[in-house]
Amino acid sequence: MRFIHLADIHLGAAPDKGLPWCARREEEIWETFRRVIAGIREDPVDFLFIAGDLFHRQPLLGELKEVAYLFQTIPDTRVYLIAGNHDYMRKDSRYHTFEWPENVIFFYEEELTCVRDPELDVYVYGFSYHHQEIPENVLAGIVPEEGEGLHILLAHGGDEGHVPFNVKALASAGFDYIALGHIHKPQILLRDRAAFSGALEPIDRNDLGEHGYMEGHTEDGRLRVRFVPYACRAYEQILLELDENSTQGGIEDDLREQIKENGPDNIYRIVLTGNRPPELVLIPERLKALGNVTEIEDASRLLYDIEYLKKQYGNTLVGDYIRCFTDRECTPVEEKALYYGLQALLETSR
Ligand SMILES: [Mn+2]
C-alpha cells in the first residue's frame, strides 16, 4: 500500500501582491499540483489524501472542474478529500453540489465520518469545515472503529481557532497514521504516525524553507512515512553582516554571491546585522534589484567613533551624554544604551 499525503495547496492564492513575480507564483501553485498528479499517473499510488485547504478561498466552478479532471486522470488512485478553513463549506459553497469522479471520496459532514475503502483494508476518517473557525477540539476522545486493517485520520487544524487538538492524545487513540493539514511548515510529529505535510508550495513570505508532501508506504507490514521536497521555489532569509569596512558595493557583491549560492529562483528576505558605520548610506533599492527580494530589515547597530564625537560635540548635550559612559568601565547593557542613545540624539539633532 502506498499513499501521498498533501495539504494546504491553496489553489487560487497569489502571494506577494504588488511584487513582479506575483502572477507567476499564482500559476506555479497550480503547476506544482498538476505535477503531483502527473507523477501519480506515471507511478500510481493507492491513495491521495488531501487534508484541507486545497483551495485558497471558495472554489469557483471552473476550478473544481479542473481539479476533478486531474483526479480523473489517476483512476487507480482513490482520492480522499476534506475542506479546510480557507475552502470551508459555506452555505453557498460549490462543494455542496459538485459531482466528483468515481475515485474521489469527499467528506461532506462537519462531524467525523469513517469510510472503509472498497478495495483495501483501509479505513479513512475525516470531516470538513463548515465554518471559518472551529474553536473546539472536536477530535478529543475519538477512537478508530473496530476492524482489521489500517486506520487513517485526515484532520485540518492545530491552532487555537482551528480544532486545537493534542497530537499525542490523538496518536494514542490508535490511528495508524494521522494526515494533518493547516500548519504550512512540514513536520513529522510522530515518526511514521502523524505529520503535517505542510503547504505544497510556500504560500507567503513567512513559509520559510522546504515544501512538498508526505509519502507513505507499508514495508513488512509497517507503515513508513517520509517528506518529499516538491515545491519549485522557497522563501529564504539572508543575513548580511555589516562592519566598519562595509560599503554599498561590498554588500552588493556579498548579496549577489549568497543569492547565487542559495538559488536565484528563491525569494528572499534580507536582514542587515552587525555594526553599520554612520557614513554608510545604504541604497536598499539596489539590493532589491539583485534578486527576488520581498523586504530588507535593518537590524544593524550604528557604529560611532566615540572619541571623535566627544571632541566634536564638546559641552553640548551629546558630549555630556557620551561622558556619562566613557568616564568609567561600561557593562554591555550600558554600551548598548550609549549607542542607542547616541542614535536617538544625533538623528533628532540632524
Ligand atoms: Mn488552513
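## Starting at leucine 6

Let's begin with one residue. Leucine 6 touches Val36, Leu48, Phe49, Ile50, Ser197, Leu200 and Tyr213, leaving aside residues up to four places away in sequence. Touching, or being in contact, means that the C-beta atoms of two residues, placed from the backbone, lie within 7 Å.

Leu6 also belongs to the largest nonpolar core, which has 62 residues; Leu6, Phe49 and Leu154 have the most contacts inside it. A nonpolar core here is a set of buried Ala, Val, Leu, Ile, Met, Phe, Trp, Tyr and Cys residues joined through C-beta atoms within 7 Å. A residue is buried if 20 or more other C-beta atoms lie within 10 Å of its own, exposed if 12 or fewer, and partly exposed in between, again with C-beta atoms placed from the backbone. There is a second, separate core of twelve residues, including Tyr235, Ile251, Ile259 and Leu287. In soluble globular proteins, nonpolar side chains tend to be buried together.

## What kind of model this is

You're looking at a predicted model, in which local features need pLDDT of at least 70 and side-chain atom pairs count only at pLDDT 80 or more, while totals for chains, interfaces and linings use all residues. Residue numbers run from 1 along each chain as its sequence is written.

## The whole protein

The protein has eight helices and 16 strands; these are DSSP runs numbered from the N terminus (helices: H or I, at least four residues; strands: E, at least two). Its radius of gyration is 27 Å, well over the 20 Å that the globule rule gives for 350 residues, so the protein is more spread out than a compact globule. That radius is taken over C-alpha atoms, and the rule is 2.2 Å times the number of residues to the power 0.38. Along its principal axes, the C-alpha trace spans about 85 × 45 × 40 Å.

How is the protein divided? There's domain 1 (2–229) and domain 2 (235–349), with bounds that come from an automatic or database domain assignment. Their centres, taken over C-alpha atoms, are 45 Å apart. Seven residues of domain 1 are in contact with seven residues of domain 2.

## A sheet with a covered strand

Two strands count as paired if DSSP finds at least two bridges between them.

Is β3 (residues 78–82) mostly covered or mostly open? Mostly covered: five of its five residues are buried. Arg78, Tyr80 and Ile82 lie on one side, with Val79 and Leu81 on the other. Strand β2 (residues 47–51) pairs with β3 in the parallel sense over five bridges, and isoleucine 50 has leucine 81 in β3 as its bridge partner. Strand β11 (residues 212–219) and β12 are antiparallel instead, over eight bridges; there, glutamate 219 stands opposite arginine 222 in β12.

## Another six strands

Another open sheet, also with mixed pairing, runs β5-β6-β7-β8-β10-β9. β5 (113–116) and β9 (187–190) stand at its edges with a single partner strand each, so one side of each is left without a neighbour in the sheet.

Inside this sheet, strand β6 (residues 122–126) and strand β7 (residues 150–156) run parallel, joined by four bridges. Tyrosine 125 stands opposite leucine 153 in β7.
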